[in-house]
Amino acid sequence: MRRYTPPPVPGSEITPESAYLRRRDLMRLAAAGGLAMATPSAFAATPDLAALEAEPGGYDPGEDLTSEEAVTSYNNFYEFGTEKGDPAARSGDFNPRPWSVMIDGLVRKPGEIGLEEMLAFDLEERIYRMRCVEAWSMVIPWIGFPLSALLAKAEPLGSAKYVAFETIVRAEEMPGQRGAFQPLPWPYVEGLRLDEAMHPLTIMSVGLYGKVLPNQNGAPVRLVVPWKYGFKGIKSIVKITLTEEEPPTTWNRLAPNEYGFYANVNPEVDHPRWSQAQENRIGGGGFFGSNERPTLMFNGYGDEVAGLYKDMDLKANF
Ligand SMILES: Nc1nc2c(c(=O)[nH]1)N[C@H]1C(S)=C(S)[C@@H](COP(=O)(O)O)O[C@H]1N2
Ligand SMILES: [Mo]
């Protein structure tokens, strides 16, 4: 397994919120109950993400990383527009701080959890292969924590079977949410089965490339489920609801024959309008732009996740 150390962040790129704490210091403070006192503003609680090192878990696909430039400029985030360049170009007014996520539904302890509390979870860097339903892919060094850690805080009830997620609606700061043409109904919603949500590969990301998550990638906290198509990775999450019934999901609602609830990466199940057998690695540097490669079942994470679906027909449950 290849270890990856994030590149050092030049001083000029370190955000002006200069009261960064090193992660270990932050955790020590949190453990000592001193976090609130030590963090007079929301910004001060941001740990030093650049200092995180890759965990030698079984996650790093050992492939070349997609450049930070591509990861932060070729995006899908319709709240800022439908062109790939829109999220980077049009998200400057979005202010993701302060932030909190409401967790409710079938849980013993519903309530809001602040971003600072999430940043104090045990953050790790994980390199994941990502695959969009549009047949492009990237390899991204995410920083985040297991979603299971967050759900555990709320103590899901035995009756909970699914987890529903909701993105913020804030038309004043999200140009894609205002104007005559609305590409999607808001809020953007997504869902997972509870066992998928609790799987250790499923993370909530708060950063990438050793930095705080850029607005265009879903600041301040977004879902990453590496064995599923990208649209499951809901961004800028404000609400998580534990449910008994399968929750609606934005793309499935819009085009149920094209986008299923499961959305597991599957080269054998084509999108009705194109094949899913190949993918184009973004910025892969191939000669004459030829970065085509075969798509792997479960995006290559089959050893870890195939068991979740062992009795299911994956053609019917696409
Ligand atoms: N709220 C919200 N989340 C979203 C989307 C969106 O339009 N709105 N697009 C999805 C799609 S289709 C993809 S491929 C990924 C892209 O994530 P990235 O831009 O960080 O690579 O975000 C997903 N999450
Ligand atoms: Mo996507």
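Me: Where is the place of P220?
Reply: P220 sits in the loop between strand 8 (211-212) and strand 9 (222-224). Strands here are DSSP runs of E, at least two residues long, and helices are runs of H or I of at least four, numbered from the N terminus. The model is predicted, so local features need pLDDT of at least 70 and side-chain atom pairs count only at pLDDT 80 or more, while totals for chains, interfaces and linings use all residues. Residues are numbered from 1 along each chain as its sequence is written, chains are lettered from A and ligands numbered from 1 in the order written, and side-chain values use heavy atoms, without hydrogens and water.

Me: What makes the peptide bond from A219 to P220 stand out?
Reply: That bond is cis, with omega near -5°. Most peptide bonds are trans. W186 and P187 are also joined by a cis peptide bond, with omega about -5°. P187 lies in the loop between strand 5 (162-167) and strand 6 (189-193).

Me: Why is the pair of F121 and F145 called edge-to-face?
Reply: Rings of Phe, Tyr and Trp (its six-membered ring) pair if their centres lie within 6.5 Å; planes under 30 degrees apart are stacked, over 60 edge-to-face, the rest tilted. F121 and F145 have centres 4.8 Å apart and planes at 65°, so the pair is edge-to-face. F121 is in the loop between helix 5 (115-119) and strand 3 (124-131), and F145 is in strand 4 (residues 136-146), so the pair ties together parts 24 residues apart in sequence. By this rule there are 13 aromatic pairs.

Me: How do you know that N75 makes a polar contact with ligand 1?
Reply: A polar contact with a ligand is a pair of N or O atoms within 3.5 Å. A polar side-chain atom of N75 lies 2.7 Å from an oxygen atom of ligand 1, so the pair qualifies. A backbone N or O atom of Y78 lies 2.8 Å from a ligand 1 oxygen. For a side-chain N or O atom of N217, the distance to an oxygen of ligand 1 is 2.9 Å.

Me: Which residues are the closest to ligand 1?
Reply: 16 residues surround ligand 1 (a heavy atom within 4 Å). The closest are N75, Y78, E79, G233 and K235.

How values were computed:
Polar contact = N/O pair within 3.5 Å; in protein donor to acceptor, adjacent residues only side chain to side chain.
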